[in-house]
Each structure stands twice: as structure tokens, then as C-alpha cells.
Amino acid sequence: MSIYTFMENLFKEPYTLPTIVITVAIAVFITHLQETKKLNEEKEEEQRKKIESSENVVKKNEGGSTSSESTSTASSSKPKAFALPETPLPPPNWSRIFTHEELAQHDGSKDDLPIYVAIKGTVFDVTTKKAMYGPSGGYHCFAGKDASKALGMSSLKAEDCIADYSTLSEKERKTLDDWYSFFEKRYPIVGKTGDA
Ligand code: HEM
């Protein structure tokens, strides 16, 4: 059978398991390409910002004024997904210790309380992304708890949303650490859990 006949048969109804598997694999692959592209763009943006700020320091040292105009133009043209906060984060508050019960109150189900997500014992305030972490958000499973294991595993399963990440492989630990730095750059640190 030629490759053409094989492909033709593959996508003929009724769809077989290999057809579904291949379609899903292609979809996952495309999604990954898109996400990698976004992350690369973000890295380039950070690099550009660094260069820009060092240029501003040089200008300042030379007696020129810093260009706040160019900074605001840069931030307004930034893509929304994975965007860094426009205002600097407040200093971390390491003195507040959350109990599990206390943290659980901050899962977004109470309108008057901020939404918190903990990673490796550090509690982040993710209230600005209520659409994602609130009750109807796709990442609500992480809210009000330390979800380290799930983040390392790239899992959205409730049973994986636990603080104990000791079962993670080396690669998964790296993924978890990447998420930690992602959150660290975007969300205020409001405390830590007793497990930290
Ligand atoms: C097909 C599967 C998935 C797709 C298409 C997808 C897509 C996305 C996109 C587009 C964003 C950026 C949203 C924004 O900033 O506005 C995002 C963020 C995120 N994703 Fe996923 N995702 C998928 C699966 C997962 C899984 C399995 C996890 C489990 C760890 C996960 C965890 C996250 C987290 C933690 C964020 C950061 C949200 C934030 O605080 O900004 N995603 N995802």
C-alpha cells in the first residue's frame, strides 16, 4: 500500500483509533509549537527590555532624560498571553504562614477574598487572573492550595493538585521550577505554607 492510499484510508469514515490518535497528536504538537513561540517571544521581549533599560541608564549617566515614553509604548504592544505585569511587584511577604484551611478559603469561591495559588510552599496572589483561577476558570483546580505536583506533571487532575512533589521525575521537577519562576515574575508573594 502506498503512503497516499494509507493516508486516504486513515481519514476515511468511520474514524479508527489510529486516526484519532494521530489527529490528537498533531493538535498537541501544534499547541506546543505555539506555546514555545510565545515563550520565545517573551524571552526576546525581556532581553529587549533589559537592553532598553541599560540604554536608559547610559542616557541618565550622560545627563539625558530616561525615556518613559518608549517603555509605555513597549508595554502596550505586548501580547496579552503570558504578559508580564506592567507595574513592579510588591516585595515578597515571607512572614505570613498559611494553614491548609486558611489557604483553602482563597480558592476564588468567596468574592471578597483574594485568590491564592501555592507552589513549593510559596503563596502567590493570582487574583488578577480571576478568569483563569476563579470558579469557572480552566485552572481553578490550582486555587486555594499548593498544587506543586500537578504543575510539575502538567496535570489538571484534582488528585494531583497536592503539595507533595517528591514523586516527580527530574524532568517534572524542572517543569515545576519553570512554573515557579513564571509565577514569581507575575504574581505578588503573600506568604508561605507550613510545608515550606
Ligand atoms: C491543550 C492543553 C493546553 C493549552 C492549549 C493551554 C493553553 C494555555 C494558554 C494559551 C495559556 C496563556 C493564557 C493567558 O495568559 O492568557 C496558558 C497558561 C497556563 N497554563 Fe495552559 N494550556 C494547556 C494545558 C495546560 C496544563 C495541562 C496545565 C497544567 C499544569 C496548564 C497550566 C497552565 C498554567 C499554570 C498557566 C498560567 C496561567 C497564568 O497564571 O497566566 N496548561 N495555557
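**Exercise 1. Identify what covers the buried residues of α7 in this predicted model.**

*Solution.* 
Step 1. α7 spans 170-186. The helix has 17 residues and reaches 25 Å from its first C-alpha to its last, close to the 24 Å expected at 1.5 Å a residue.
Step 2. List its buried residues. They are L176, W179 and F183.
Step 3. An α-helix has 3.6 residues a turn, so residues three or four places apart point the same way.
Step 4. Check the other side. There, E170, K171, K174 and S181 are exposed.
Step 5. Name the cover. β2, β3 and α6 are among the elements over the buried residues of α7.

**Exercise 2. Work out the strand order of the sheet, and say which strands stand at its edges.**

*Solution.* 
Step 1. Begin with β1 and β4. Two bridges join them, and they run parallel. F98 stands opposite T193 in β4.
Step 2. Move to β4 and β3. Three bridges join this pair, which runs antiparallel. V123 has G191 in β4 as its bridge partner.
Step 3. Look at the connection. β2 and β3 make a hairpin with two residues between them. K120, in the turn, has a positive phi of about 45°.

**Exercise 3. Determine which way the residues of β3 point, and whether they are buried or exposed.**

*Solution.* 
Step 1. Sort by direction. T122 and F124 point one way from β3, while V123 and D125 point the other way.
Step 2. Assign burial. All four residues are buried.
Step 3. Follow one of them. Leaving out residues up to four places away in sequence, F124 touches Y116, V117, I119, F183, Y187, P188 and I189. F183 is one of the buried residues of α7.

**Exercise 4. Find which residues touch the most other members of the largest nonpolar core, and which element gives the most to this core.**

*Solution.* 
Step 1. Take the core as a whole. The core holds 24 residues.
Step 2. Pick out those with the most contacts to other members. They are Y116, V117, I119, V123, F124, V126 and F142.
Step 3. Trace the suppliers. β2 (116-119), β3 (122-125), α6 (148-153) and α7 (170-186) each supply at least two residues. β2 gives the most, with four.
Step 4. In soluble globular proteins, nonpolar side chains tend to be buried together.
Step 5. Compare with the chain. Of its 196 residues, 21% count as buried.

**Exercise 5. Locate P91, and explain why P91 is classed as exposed.**

*Solution.* 
Step 1. Find the segment. P91 sits in the loop between α3 (68-76) and β1 (97-98).
Step 2. Count neighbours. P91 has 8 other C-beta atoms within 10 Å.
Step 3. Apply the cut-off. A residue is exposed at 12 or fewer, so P91 is exposed.
Step 4. The C-alpha atoms of P91 and I189 are separated by 7.5 Å, although the residues lie 98 apart along the chain.
Step 5. Widen the view. Among contacts in the chain with a separation of 6 or more, 54% join residues 24 or more positions apart.

Conventions:
Residues are numbered from 1 along each chain as its sequence is written. This is a predicted model: local features need pLDDT of at least 70, side-chain atom pairs count only at pLDDT 80 or more; totals for chains, interfaces and linings use all residues. A nonpolar core is a set of buried Ala, Val, Leu, Ile, Met, Phe, Trp, Tyr and Cys residues joined through C-beta atoms within 7 Å. A residue is buried if 20 or more other C-beta atoms lie within 10 Å of its own, exposed if 12 or fewer, and partly exposed in between; C-beta atoms are placed from the backbone. Two residues are in contact if their C-beta atoms, placed from the backbone, lie within 7 Å. Two strands pair if DSSP finds at least two bridges between them. The expected span of a helix is 1.5 Å times one less than its number of residues.
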